[in-house]
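This report looks at the pockets of one protein model, at a residue in one of them, and at a helix beside it. Please have the sequence and the structure open while reading.

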Amino acid sequence: DVGQGFFAVADGVGSTMNAAESSRIAIDTVRLALERCASQFSNGGSSEILRESLRSANAALFLAGEKEGHPMLSTMTLAHIRGESLSLAHCGDSRAYLLEEHALSLLTQDHTYIGELQRKGFLTEADAIDHPRRNALSACLGQYERARIDVWAVDIKAHSFLLLLCSDGVSSYVSHEQMTECLVQGEPIKQTAEHLVEIAVRNGSNDDTTAIVVRGQRVAQPA
């Protein structure tokens, strides 16, 4: 939780020490950027403000990498819930899912070489499972001076919903069906997130396993 109504998952890339520091820099930079822009959210346009926050994180990581003499890289998926709308900014292969009326939807697109090939129709999902470049990122924060950052604005339709943000250590090892089954159980959200991580580890994940589950209700904003 990086602020009221804001939620983020960052997954550092590289060695364990570098990865942890990279994700910390990304989260801390985004938190500060959002605090500076807090008054602007009442005027709408939150997707672009989230994009600018990720750009700040990218700049901070790029400069840290130059200072340290080695890349400081991280993925990030950042969400803002306000009334009936959900805004997202995203770079890398962490993911955001939305559960409405027992139907689970993937909201983000993985910035991976495999994901790009699949979206272009050059690779099937079955072929991607054992592909040698399965985990290779096509975009992440800190790699270049400018990062590829996708943004979305999603209209929430159901009265109640669950938002799931997770690292690829969870999404790559927990099937869509397993995620849905876990989320619809109605357990407290902390237990639900822990259960997803347990499933990922049980299924063989040895990567960072981070999951955040947010329960919300659609609230119409005054005209």
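Which helices and which strand each supply at least two residues of the lining of the largest pocket? They are strand 4, helix 3, helix 4 (125-129), helix 5 and helix 6, where helices (H or I, at least four residues) and strands (E, at least two) are DSSP runs numbered from the N terminus. The model is predicted, so that local features need pLDDT of at least 70 and side-chain atom pairs count only at pLDDT 80 or more, while totals for chains, interfaces and linings use all residues. Residues are numbered from 1 along each chain as its sequence is written, and side-chain values use heavy atoms, with hydrogens and water left out.

**Pockets**

A pocket is, on a 1 Å grid over the protein atoms alone, an open set of points where a 1.4 Å probe fits, with protein on both sides within 12 Å along at least five of seven lines, and its lining residues have an atom within 4 Å of a point. The volume is the space filled by probe spheres set on the points.

| Largest | about 730 Å³ | Arg95, Asp110, Gln118, Glu125 and Ser171 |

**Asp110**

Asp110, one of the residues closest to the centre of the largest pocket, is found in the loop between strand 5 (103-106) and helix 3 (113-119). Asp110 has a relative accessible area of 15% and is therefore buried, a term that means under 20%, as exposed means over 50% (1.4 Å probe, protein chains only).

**Helix 6**

In helix 6 (residues 176-183), Met179, Thr180, Cys182 and Leu183 are buried. These residues lie on the same side of helix 6, because they cover an arc of only 165 degrees around the axis, taken from the directions from the helix axis to the C-beta atoms. Glu177 and Glu181, on the other side of helix 6, are exposed. Among the elements that cover the buried residues are strand 4 (95-100), helix 5 (168-171) and helix 7 (189-202).

Key:
Contact means heavy atoms within 4.5 Å.
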